[in-house]
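Open the structure in your viewer and keep the sequence panel beside it. The tour below goes from one selection to the next.

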Amino acid sequence: MIKRIALSLGVLCLVVFGSFIWFQKESYPDQLTTHIAIEIEPEQDSYMLGFQNIQSEINEQAILQGTFPEWLEGDLFFAGPGRFEINDTFTTNWSGGLAMIHRWSIKNGTVTYANKFIENEIAKKVIERGSMKEPRNKKSWLSGLATALFSDAPIYDNTNTNIMKIGNEFIAVSESAHTNSFDPCTLKTIGHTQYKDEVDCHYICAHPLFDKEKNEWINYGTTFGARCYYKLFTFKPDSKERKIITTIKVKNPAYMHSFCATKNYIILIESPFRVNPYDLLGANGSFIECFKWRPKDKTNFIIVDRNTHKVTTLNTKPFFFFHQVNAFEQNGAIVLDLVTYDDPSIITSYTLEKIFDPEHPFDDSRVTRFTLDLETKAISSSILQKTTTKVPTINKNCCMQPHRYIWASGTDDLYNYTNQLKKIDLLNKKEKIWQEKDCYTRDPIFVSKPNSSQEDEGIILSVVLDARKKQTFLLVLDAQTCEEIGRATITHPIPFTLHGKFFKKRNL
Ligand SMILES: [Fe+2]
(Lines give C-alpha, C1' and ligand atoms only; values in the text may rest on other atoms or scores of the structure.)
Protein backbone atom coordinates (compact mmCIF):
# COMPACT_ATOMS: atom_id res chain seq x y z
CA MET A 1 0.00 0.00 0.00
CA ILE A 2 2.77 2.42 1.00
CA LYS A 3 4.65 1.48 -2.18
CA ARG A 4 1.57 2.26 -4.27
CA ILE A 5 1.09 5.63 -2.59
CA ALA A 6 4.78 6.46 -3.07
CA LEU A 7 4.62 5.42 -6.73
CA SER A 8 1.47 7.49 -7.30
CA LEU A 9 3.06 10.50 -5.62
CA GLY A 10 6.17 10.04 -7.77
CA VAL A 11 4.15 9.99 -10.99
CA LEU A 12 2.11 12.97 -9.81
CA CYS A 13 5.29 14.93 -9.06
CA LEU A 14 6.71 14.05 -12.49
CA VAL A 15 3.53 15.21 -14.19
CA VAL A 16 3.27 18.46 -12.22
CA PHE A 17 6.97 19.22 -12.54
CA GLY A 18 7.03 18.17 -16.17
CA SER A 19 3.99 20.20 -17.04
CA PHE A 20 5.54 23.20 -15.38
CA ILE A 21 8.74 22.78 -17.37
CA TRP A 22 6.87 22.00 -20.56
CA PHE A 23 4.84 25.13 -20.12
CA GLN A 24 8.05 27.08 -20.56
CA LYS A 25 9.67 24.93 -23.18
CA GLU A 26 9.09 24.49 -26.85
CA SER A 27 8.08 20.93 -27.40
CA TYR A 28 5.53 20.73 -30.14
CA PRO A 29 6.36 18.43 -32.96
CA ASP A 30 8.35 19.01 -36.06
CA GLN A 31 6.05 19.98 -38.92
CA LEU A 32 8.32 18.42 -41.51
CA THR A 33 7.92 14.84 -40.45
CA THR A 34 6.84 12.45 -43.13
CA HIS A 35 5.60 8.94 -42.86
CA ILE A 36 4.70 7.88 -46.35
CA ALA A 37 7.01 7.09 -49.21
CA ILE A 38 4.97 8.44 -52.10
CA GLU A 39 5.34 7.26 -55.65
CA ILE A 40 5.23 10.62 -57.31
CA GLU A 41 5.04 10.90 -61.06
CA PRO A 42 3.78 14.42 -61.61
CA GLU A 43 2.47 15.41 -64.99
CA GLN A 44 5.08 17.57 -66.65
CA ASP A 45 2.79 20.11 -68.25
CA SER A 46 0.25 20.70 -65.50
CA TYR A 47 0.01 22.70 -62.28
CA MET A 48 2.00 19.86 -60.69
CA LEU A 49 5.18 21.54 -61.98
CA GLY A 50 4.63 24.15 -59.28
CA PHE A 51 4.90 21.54 -56.54
CA GLN A 52 8.28 20.14 -57.55
CA ASN A 53 11.72 20.69 -56.11
CA ILE A 54 13.78 23.53 -57.44
CA GLN A 55 17.37 22.32 -57.62
CA SER A 56 19.21 25.53 -58.29
CA GLU A 57 19.44 28.99 -56.91
CA ILE A 58 18.80 31.47 -59.71
CA ASN A 59 19.61 35.12 -60.34
CA GLU A 60 18.60 36.24 -63.81
CA GLN A 61 17.11 39.06 -65.78
CA ALA A 62 13.56 38.45 -66.94
CA ILE A 63 12.30 38.99 -70.49
CA LEU A 64 9.79 41.83 -70.58
CA GLN A 65 6.61 42.04 -72.58
CA GLY A 66 4.09 44.86 -72.50
CA THR A 67 4.53 47.92 -70.35
CA PHE A 68 5.58 48.20 -66.73
CA PRO A 69 4.39 51.53 -65.27
CA GLU A 70 7.24 54.00 -64.79
CA TRP A 71 6.20 54.62 -61.20
CA LEU A 72 6.44 50.93 -60.37
CA GLU A 73 9.83 50.39 -58.77
CA GLY A 74 10.63 48.12 -55.89
CA ASP A 75 11.08 44.55 -54.74
CA LEU A 76 8.53 41.83 -54.42
CA PHE A 77 9.57 39.19 -51.89
CA PHE A 78 7.87 35.85 -51.36
CA ALA A 79 8.53 32.95 -49.02
CA GLY A 80 7.58 29.42 -49.98
CA PRO A 81 8.43 25.75 -49.87
CA GLY A 82 11.17 24.97 -52.41
CA ARG A 83 12.32 21.45 -51.69
CA PHE A 84 9.95 18.59 -51.04
CA GLU A 85 12.06 15.55 -51.78
CA ILE A 86 15.41 14.19 -50.83
CA ASN A 87 16.61 10.69 -51.77
CA ASP A 88 13.08 9.66 -52.81
CA THR A 89 11.52 10.68 -49.49
CA PHE A 90 8.94 13.45 -49.51
CA THR A 91 7.31 15.90 -47.19
CA THR A 92 3.77 14.83 -46.50
CA ASN A 93 2.30 18.26 -46.94
CA TRP A 94 3.24 20.88 -49.51
CA SER A 95 3.66 23.50 -46.80
CA GLY A 96 6.30 21.32 -45.14
CA GLY A 97 8.80 21.87 -47.99
CA LEU A 98 12.14 23.47 -47.15
CA ALA A 99 11.94 27.25 -47.14
CA MET A 100 13.06 29.40 -50.05
CA ILE A 101 13.00 33.17 -50.54
CA HIS A 102 12.10 34.63 -53.94
CA ARG A 103 12.67 38.21 -55.06
CA TRP A 104 11.43 40.03 -58.16
CA SER A 105 13.21 43.40 -58.47
CA ILE A 106 11.69 46.06 -60.71
CA LYS A 107 14.10 48.88 -61.39
CA ASN A 108 15.05 51.20 -64.28
CA GLY A 109 12.84 49.37 -66.73
CA THR A 110 14.25 45.92 -65.95
CA VAL A 111 13.02 43.02 -63.86
CA THR A 112 15.37 40.50 -62.25
CA TYR A 113 14.45 37.36 -60.40
CA ALA A 114 16.52 35.70 -57.65
CA ASN A 115 15.94 32.97 -55.12
CA LYS A 116 17.78 31.29 -52.30
CA PHE A 117 17.11 28.54 -49.79
CA ILE A 118 16.91 29.62 -46.18
CA GLU A 119 19.64 28.04 -44.12
CA ASN A 120 17.89 26.85 -41.01
CA GLU A 121 18.10 24.14 -38.40
CA ILE A 122 15.34 22.04 -39.95
CA ALA A 123 17.03 22.07 -43.38
CA LYS A 124 20.37 21.10 -41.82
CA LYS A 125 18.71 18.22 -40.01
CA VAL A 126 16.98 16.95 -43.15
CA ILE A 127 20.14 17.18 -45.24
CA GLU A 128 22.29 15.47 -42.57
CA ARG A 129 19.72 12.70 -42.29
CA GLY A 130 19.45 12.44 -46.08
CA SER A 131 15.73 12.01 -45.76
CA MET A 132 12.55 13.95 -45.26
CA LYS A 133 11.31 10.97 -43.34
CA GLU A 134 11.35 10.56 -39.58
CA PRO A 135 10.50 7.52 -37.52
CA ARG A 136 6.87 7.74 -36.57
CA ASN A 137 6.00 5.81 -33.49
CA LYS A 138 2.95 6.83 -31.57
CA LYS A 139 3.97 7.78 -28.06
CA SER A 140 1.95 8.05 -24.93
CA TRP A 141 1.71 11.59 -23.66
CA LEU A 142 3.79 10.54 -20.66
CA SER A 143 6.68 9.34 -22.82
CA GLY A 144 6.19 12.47 -24.93
CA LEU A 145 6.54 14.50 -21.76
CA ALA A 146 9.73 12.63 -20.93
CA THR A 147 11.06 13.35 -24.44
CA ALA A 148 10.18 17.01 -24.07
CA LEU A 149 11.91 17.11 -20.69
CA PHE A 150 15.03 15.13 -21.32
CA SER A 151 15.86 15.46 -25.02
CA ASP A 152 16.77 18.37 -27.20
CA ALA A 153 13.65 18.73 -29.29
CA PRO A 154 14.51 20.39 -32.61
CA ILE A 155 13.28 23.91 -33.01
CA TYR A 156 11.02 24.58 -35.94
CA ASP A 157 12.51 27.35 -38.06
CA ASN A 158 11.48 26.38 -41.59
CA THR A 159 10.23 29.89 -42.35
CA ASN A 160 8.43 29.36 -45.65
CA THR A 161 5.17 31.23 -45.10
CA ASN A 162 5.48 35.01 -45.28
CA ILE A 163 7.82 38.01 -45.34
CA MET A 164 8.02 40.82 -42.81
CA LYS A 165 10.20 43.87 -42.39
CA ILE A 166 11.04 45.42 -39.05
CA GLY A 167 13.13 48.56 -39.38
CA ASN A 168 15.61 47.67 -42.10
CA GLU A 169 15.58 43.98 -41.26
CA PHE A 170 13.93 41.57 -43.69
CA ILE A 171 12.44 38.52 -42.00
CA ALA A 172 11.02 35.24 -43.29
CA VAL A 173 8.35 33.79 -41.03
CA SER A 174 6.33 30.63 -40.58
CA GLU A 175 3.88 29.92 -37.79
CA SER A 176 6.70 29.17 -35.39
CA ALA A 177 8.25 31.47 -32.80
CA HIS A 178 11.55 31.19 -34.68
CA THR A 179 11.94 33.52 -37.65
CA ASN A 180 14.92 34.02 -39.94
CA SER A 181 16.41 37.36 -40.91
CA PHE A 182 17.94 37.59 -44.37
CA ASP A 183 19.97 39.98 -46.49
CA PRO A 184 17.62 41.55 -49.07
CA CYS A 185 20.50 42.01 -51.57
CA THR A 186 22.11 38.57 -51.48
CA LEU A 187 19.11 36.74 -49.97
CA LYS A 188 21.58 34.99 -47.66
CA THR A 189 20.24 33.88 -44.31
CA ILE A 190 21.56 36.02 -41.46
CA GLY A 191 20.16 33.82 -38.70
CA HIS A 192 17.34 33.68 -36.22
CA THR A 193 15.77 37.06 -35.64
CA GLN A 194 16.74 38.41 -32.23
CA TYR A 195 13.63 39.90 -30.63
CA LYS A 196 14.08 42.14 -27.63
CA ASP A 197 11.16 40.91 -25.59
CA GLU A 198 9.76 37.97 -23.71
CA VAL A 199 6.97 36.86 -26.02
CA ASP A 200 7.05 33.13 -25.31
CA CYS A 201 4.46 31.78 -27.75
CA HIS A 202 5.07 28.46 -29.47
CA TYR A 203 2.76 29.33 -32.33
CA ILE A 204 2.80 32.83 -33.86
CA CYS A 205 0.41 33.85 -36.61
CA ALA A 206 2.13 34.44 -39.98
CA HIS A 207 -0.37 37.14 -40.97
CA PRO A 208 0.18 40.12 -38.64
CA LEU A 209 -1.98 43.19 -39.35
CA PHE A 210 -0.74 46.75 -39.66
CA ASP A 211 -2.72 49.55 -38.05
CA LYS A 212 -1.80 52.61 -40.09
CA GLU A 213 -3.50 55.03 -37.72
CA LYS A 214 -1.64 53.80 -34.65
CA ASN A 215 1.49 53.00 -36.69
CA GLU A 216 1.81 49.55 -35.15
CA TRP A 217 1.70 45.89 -36.05
CA ILE A 218 -0.79 43.64 -34.26
CA ASN A 219 -0.33 39.90 -33.93
CA TYR A 220 -1.26 36.98 -31.76
CA GLY A 221 0.35 33.73 -30.66
CA THR A 222 -0.48 30.64 -28.66
CA THR A 223 1.41 29.16 -25.76
CA PHE A 224 0.86 25.43 -25.30
CA GLY A 225 1.37 23.66 -22.03
CA ALA A 226 -0.44 22.40 -18.97
CA ARG A 227 -2.19 25.74 -19.29
CA CYS A 228 -2.64 27.27 -22.72
CA TYR A 229 -3.02 30.91 -23.64
CA TYR A 230 -3.68 33.13 -26.63
CA LYS A 231 -1.43 36.17 -26.38
CA LEU A 232 -2.15 39.35 -28.29
CA PHE A 233 0.77 41.70 -28.86
CA THR A 234 1.77 44.81 -30.79
CA PHE A 235 5.06 46.24 -32.02
CA LYS A 236 6.20 49.36 -33.83
CA PRO A 237 7.42 49.05 -37.45
CA ASP A 238 11.02 49.68 -36.41
CA SER A 239 11.06 47.80 -33.09
CA LYS A 240 11.73 44.19 -32.23
CA GLU A 241 10.24 44.73 -28.79
CA ARG A 242 6.78 43.18 -28.95
CA LYS A 243 4.41 44.22 -26.18
CA ILE A 244 1.79 41.79 -24.92
CA ILE A 245 -1.51 43.65 -24.61
CA THR A 246 -3.65 40.83 -23.29
CA THR A 247 -3.57 37.13 -22.51
CA ILE A 248 -6.56 34.81 -22.82
CA LYS A 249 -6.59 31.42 -21.13
CA VAL A 250 -7.87 28.58 -23.31
CA LYS A 251 -8.33 24.89 -22.55
CA ASN A 252 -8.10 23.47 -26.07
CA PRO A 253 -6.55 26.04 -28.42
CA ALA A 254 -7.93 26.36 -31.93
CA TYR A 255 -5.83 26.57 -35.09
CA MET A 256 -6.25 30.11 -36.40
CA HIS A 257 -4.22 30.95 -39.50
CA SER A 258 -5.16 34.63 -39.46
CA PHE A 259 -7.25 37.02 -37.37
CA CYS A 260 -9.07 40.35 -37.70
CA ALA A 261 -8.72 43.82 -36.24
CA THR A 262 -10.69 47.05 -36.38
CA LYS A 263 -10.02 50.46 -34.91
CA ASN A 264 -11.24 49.40 -31.47
CA TYR A 265 -11.20 45.59 -31.48
CA ILE A 266 -9.06 42.58 -32.18
CA ILE A 267 -11.09 39.53 -33.13
CA LEU A 268 -9.84 35.94 -32.90
CA ILE A 269 -12.01 33.50 -34.81
CA GLU A 270 -11.91 30.13 -33.09
CA SER A 271 -13.21 27.39 -35.38
CA PRO A 272 -13.90 24.11 -33.59
CA PHE A 273 -10.61 22.74 -34.92
CA ARG A 274 -8.89 22.33 -31.63
CA VAL A 275 -6.04 20.55 -29.94
CA ASN A 276 -5.76 18.81 -26.63
CA PRO A 277 -2.35 20.12 -25.51
CA TYR A 278 -1.43 16.70 -24.13
CA ASP A 279 -1.82 15.27 -27.65
CA LEU A 280 1.08 17.49 -28.70
CA LEU A 281 3.27 15.68 -26.21
CA GLY A 282 2.34 12.22 -27.41
CA ALA A 283 2.45 13.14 -31.08
CA ASN A 284 5.16 12.12 -33.43
CA GLY A 285 3.68 13.62 -36.54
CA SER A 286 3.01 17.11 -37.72
CA PHE A 287 1.73 19.83 -35.43
CA ILE A 288 -1.47 20.32 -37.41
CA GLU A 289 -2.33 16.61 -37.33
CA CYS A 290 -2.89 16.94 -33.58
CA PHE A 291 -5.89 19.21 -34.13
CA LYS A 292 -9.33 17.62 -34.31
CA TRP A 293 -12.49 18.91 -35.97
CA ARG A 294 -15.44 19.02 -33.58
CA PRO A 295 -18.42 19.67 -35.87
CA LYS A 296 -20.88 19.72 -32.98
CA ASP A 297 -19.09 22.68 -31.42
CA LYS A 298 -19.52 26.30 -32.48
CA THR A 299 -17.16 28.83 -33.98
CA ASN A 300 -16.33 31.55 -31.46
CA PHE A 301 -15.60 35.19 -32.18
CA ILE A 302 -13.35 36.32 -29.32
CA ILE A 303 -13.64 40.11 -29.37
CA VAL A 304 -10.96 41.99 -27.44
CA ASP A 305 -11.52 45.69 -26.80
CA ARG A 306 -8.21 47.35 -27.72
CA ASN A 307 -8.73 50.10 -25.14
CA THR A 308 -10.09 48.28 -22.08
CA HIS A 309 -8.90 44.75 -22.99
CA LYS A 310 -12.37 43.47 -22.06
CA VAL A 311 -13.08 40.17 -23.79
CA THR A 312 -16.51 39.32 -25.23
CA THR A 313 -17.20 35.99 -26.90
CA LEU A 314 -19.99 35.43 -29.42
CA ASN A 315 -20.55 32.21 -31.31
CA THR A 316 -22.19 30.85 -34.41
CA LYS A 317 -22.50 27.60 -36.34
CA PRO A 318 -19.18 25.87 -37.10
CA PHE A 319 -17.06 26.88 -40.08
CA PHE A 320 -13.37 26.87 -40.84
CA PHE A 321 -11.31 29.67 -42.34
CA PHE A 322 -7.73 30.38 -43.31
CA HIS A 323 -7.53 33.95 -44.56
CA GLN A 324 -9.35 37.05 -43.52
CA VAL A 325 -10.04 39.73 -46.11
CA ASN A 326 -10.65 42.73 -43.86
CA ALA A 327 -12.70 43.91 -40.89
CA PHE A 328 -14.18 47.24 -39.88
CA GLU A 329 -16.76 48.86 -37.60
CA GLN A 330 -20.06 50.09 -38.98
CA ASN A 331 -23.26 51.24 -37.20
CA GLY A 332 -22.33 49.71 -33.85
CA ALA A 333 -21.32 46.40 -35.36
CA ILE A 334 -18.11 44.67 -36.36
CA VAL A 335 -18.06 43.53 -39.98
CA LEU A 336 -15.65 40.73 -40.93
CA ASP A 337 -15.02 39.33 -44.40
CA LEU A 338 -13.47 35.87 -44.31
CA VAL A 339 -12.69 33.17 -46.84
CA THR A 340 -14.62 30.30 -45.31
CA TYR A 341 -14.81 26.53 -45.66
CA ASP A 342 -17.37 24.07 -44.36
CA ASP A 343 -14.65 22.16 -42.51
CA PRO A 344 -10.82 21.93 -42.31
CA SER A 345 -10.41 19.34 -45.07
CA ILE A 346 -8.33 21.93 -46.99
CA ILE A 347 -5.47 20.97 -44.68
CA THR A 348 -5.36 17.39 -45.86
CA SER A 349 -6.04 18.31 -49.49
CA TYR A 350 -2.54 19.79 -49.73
CA THR A 351 -0.65 16.59 -49.10
CA LEU A 352 1.63 15.90 -52.08
CA GLU A 353 -0.12 12.57 -52.50
CA LYS A 354 -3.43 14.33 -53.16
CA ILE A 355 -1.92 17.19 -55.14
CA PHE A 356 -0.43 14.69 -57.59
CA ASP A 357 -3.67 12.74 -57.85
CA PRO A 358 -5.66 14.26 -60.74
CA GLU A 359 -8.78 12.47 -59.45
CA HIS A 360 -8.66 14.41 -56.21
CA PRO A 361 -10.40 17.82 -56.12
CA PHE A 362 -8.92 20.86 -54.45
CA ASP A 363 -10.87 22.62 -51.72
CA ASP A 364 -13.74 24.99 -52.37
CA SER A 365 -14.14 28.28 -50.53
CA ARG A 366 -16.39 31.32 -50.27
CA VAL A 367 -16.08 34.91 -49.15
CA THR A 368 -18.46 35.24 -46.22
CA ARG A 369 -19.38 38.45 -44.42
CA PHE A 370 -20.17 38.21 -40.71
CA THR A 371 -21.76 41.12 -38.88
CA LEU A 372 -21.41 41.06 -35.09
CA ASP A 373 -23.87 43.41 -33.42
CA LEU A 374 -22.13 44.56 -30.25
CA GLU A 375 -25.34 45.72 -28.60
CA THR A 376 -27.69 42.82 -29.27
CA LYS A 377 -24.85 40.25 -29.55
CA ALA A 378 -26.57 38.93 -32.69
CA ILE A 379 -24.49 37.50 -35.53
CA SER A 380 -25.63 37.58 -39.13
CA SER A 381 -23.79 36.25 -42.16
CA SER A 382 -24.07 36.40 -45.92
CA ILE A 383 -22.06 34.94 -48.75
CA LEU A 384 -20.44 37.75 -50.72
CA GLN A 385 -18.89 35.60 -53.41
CA LYS A 386 -20.02 32.17 -54.43
CA THR A 387 -17.16 31.27 -56.77
CA THR A 388 -13.97 29.78 -55.36
CA THR A 389 -11.83 32.52 -53.87
CA LYS A 390 -8.40 32.14 -52.30
CA VAL A 391 -5.58 34.27 -50.93
CA PRO A 392 -7.54 37.55 -51.01
CA THR A 393 -6.13 41.04 -50.80
CA ILE A 394 -7.42 44.60 -50.70
CA ASN A 395 -5.97 48.06 -51.08
CA LYS A 396 -4.11 48.21 -47.74
CA ASN A 397 -5.26 51.83 -47.27
CA CYS A 398 -8.70 50.28 -46.62
CA CYS A 399 -7.40 47.99 -43.87
CA MET A 400 -9.81 48.37 -40.89
CA GLN A 401 -12.02 50.60 -43.09
CA PRO A 402 -14.92 49.59 -45.37
CA HIS A 403 -13.58 48.27 -48.66
CA ARG A 404 -15.28 47.89 -52.01
CA TYR A 405 -12.85 45.71 -53.93
CA ILE A 406 -11.22 42.33 -53.30
CA TRP A 407 -8.57 40.78 -55.53
CA ALA A 408 -7.96 37.05 -55.20
CA SER A 409 -6.96 33.84 -56.92
CA GLY A 410 -9.72 31.60 -58.15
CA THR A 411 -10.39 28.58 -60.28
CA ASP A 412 -13.00 27.42 -62.75
CA ASP A 413 -12.23 23.75 -62.07
CA LEU A 414 -11.80 22.23 -58.61
CA TYR A 415 -9.72 19.42 -60.14
CA ASN A 416 -7.24 22.02 -61.30
CA TYR A 417 -5.08 24.37 -59.26
CA THR A 418 -5.99 28.07 -59.05
CA ASN A 419 -5.95 29.35 -62.63
CA GLN A 420 -7.55 32.78 -62.35
CA LEU A 421 -6.93 36.19 -60.87
CA LYS A 422 -10.09 38.07 -60.14
CA LYS A 423 -11.39 41.37 -58.96
CA ILE A 424 -14.59 41.32 -56.94
CA ASP A 425 -16.65 44.50 -56.82
CA LEU A 426 -18.81 44.24 -53.70
CA LEU A 427 -20.87 47.29 -54.57
CA ASN A 428 -21.93 46.31 -58.08
CA LYS A 429 -21.66 42.57 -57.32
CA LYS A 430 -19.51 42.05 -60.39
CA GLU A 431 -16.39 40.06 -61.02
CA LYS A 432 -13.57 40.63 -63.53
CA ILE A 433 -11.26 37.73 -64.33
CA TRP A 434 -7.80 37.29 -65.86
CA GLN A 435 -7.16 33.78 -67.11
CA GLU A 436 -4.80 32.16 -69.63
CA LYS A 437 -4.67 28.56 -70.75
CA ASP A 438 -2.31 26.31 -68.72
CA CYS A 439 -1.37 29.21 -66.41
CA TYR A 440 -1.63 28.88 -62.61
CA THR A 441 -1.82 31.69 -60.10
CA ARG A 442 -1.04 32.46 -56.48
CA ASP A 443 -1.43 35.57 -54.30
CA PRO A 444 -2.29 38.84 -56.03
CA ILE A 445 -0.57 41.86 -54.51
CA PHE A 446 -2.12 45.30 -54.94
CA VAL A 447 0.23 48.27 -55.39
CA SER A 448 -1.49 51.65 -55.42
CA LYS A 449 -0.55 54.29 -57.95
CA PRO A 450 1.18 57.30 -56.37
CA ASN A 451 -1.31 60.04 -55.43
CA SER A 452 -4.23 57.82 -56.40
CA SER A 453 -7.72 58.85 -55.41
CA GLN A 454 -9.63 55.68 -56.31
CA GLU A 455 -9.55 52.52 -54.21
CA ASP A 456 -8.69 50.38 -57.25
CA GLU A 457 -6.23 52.77 -58.87
CA GLY A 458 -3.02 50.81 -59.17
CA ILE A 459 -1.73 47.47 -60.37
CA ILE A 460 -1.90 43.84 -59.34
CA LEU A 461 1.33 41.84 -59.23
CA SER A 462 1.15 38.07 -59.28
CA VAL A 463 3.62 35.28 -60.01
CA VAL A 464 2.17 32.87 -62.55
CA LEU A 465 3.30 29.42 -63.67
CA ASP A 466 2.95 28.75 -67.40
CA ALA A 467 2.90 24.95 -67.27
CA ARG A 468 2.85 24.39 -71.03
CA LYS A 469 5.94 26.56 -71.64
CA LYS A 470 7.55 25.44 -68.35
CA GLN A 471 8.18 29.05 -67.39
CA THR A 472 7.21 31.41 -64.61
CA PHE A 473 6.36 35.05 -65.08
CA LEU A 474 5.59 38.09 -63.00
CA LEU A 475 2.25 39.36 -64.26
CA VAL A 476 1.19 43.00 -64.04
CA LEU A 477 -2.54 43.67 -64.27
CA ASP A 478 -4.37 46.95 -64.32
CA ALA A 479 -6.18 46.66 -60.98
CA GLN A 480 -9.24 48.44 -62.33
CA THR A 481 -9.82 46.39 -65.46
CA CYS A 482 -8.03 43.17 -64.43
CA GLU A 483 -6.39 43.25 -67.87
CA GLU A 484 -2.72 42.49 -68.47
CA ILE A 485 -0.37 45.40 -69.02
CA GLY A 486 2.91 43.54 -68.84
CA ARG A 487 4.80 40.43 -67.83
CA ALA A 488 8.40 39.52 -67.00
CA THR A 489 9.28 35.92 -67.81
CA ILE A 490 12.08 33.70 -66.58
CA THR A 491 12.96 30.52 -68.40
CA HIS A 492 12.36 28.19 -65.45
CA PRO A 493 9.29 26.96 -63.66
CA ILE A 494 9.63 27.89 -59.98
CA PRO A 495 7.64 26.31 -57.15
CA PHE A 496 4.47 28.00 -55.98
CA THR A 497 5.14 30.30 -53.06
CA LEU A 498 3.04 31.01 -50.02
CA HIS A 499 2.88 34.72 -49.17
CA GLY A 500 4.93 37.84 -49.74
CA LYS A 501 5.09 41.61 -49.81
CA PHE A 502 6.05 44.41 -52.17
CA PHE A 503 8.44 47.06 -50.92
CA LYS A 504 8.43 50.25 -52.97
CA LYS A 505 11.56 51.87 -54.40
CA ARG A 506 14.37 50.36 -52.47
CA ASN A 507 17.84 50.31 -53.95
CA LEU A 508 19.28 46.93 -53.08
FE1 LIG B 1 -1.75 32.21 -45.26
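Start by selecting Phe170 and Phe182: Phe170 stands opposite Phe182, which is in β10. This is a predicted model. Now show the two strands around this pair, β9 (residues 169–173) and β10 (residues 180–182). They pair in the antiparallel sense, over three bridges. To see how the chain gets from β9 to β10, follow the hairpin of six residues that joins them.

Lys165 stands opposite Phe170 in β9. Strand β8 pairs with β9 over five bridges, again in the antiparallel sense. How many residues lie between β8 and β9 in their hairpin? There are two, and Gly167 in the turn has a positive phi of about 60°.

Is Ser381 buried or partly exposed? It counts as partly exposed, because it has 16 C-beta neighbours inside 10 Å, while a buried residue needs 20 or more. Leaving out residues up to four places away in sequence, Ser381 touches Thr368, Arg369 and Phe370. Val335 is 46 residues from Ser381 in sequence and 9.5 Å from it in space.

Now select Ile269. Apart from neighbours within four places in sequence, Ile269 is in contact with Met256, Phe259, Cys260, Thr299, Phe301, Phe321 and Leu338. Ile269 also belongs to the largest nonpolar core, which has 125 residues. Among the members that touch the most other members are Phe259, Ala261, Ile267 and Ile269.

Finally, clear the selection and show the whole protein. It has six helices and 36 strands. Buried residues make up 45% of its 508 residues. Of the contacts between residues at least 6 apart in sequence, 59% join residues at least 24 apart.

Methods: Residues numbered from 1 in each chain as written. Predicted model: local features only at pLDDT ≥ 70, side-chain atom pairs only at ≥ 80, totals over all residues. Buried ≥ 20, exposed ≤ 12 C-beta atoms within 10 Å, placed from the backbone. Contact = placed C-beta atoms within 7 Å. Core = buried A, V, L, I, M, F, W, Y, C linked by C-beta atoms within 7 Å. Helix = DSSP H or I, 4+ residues; strand = E, 2+ residues; numbered from the N terminus. Pairing = 2+ DSSP bridges.
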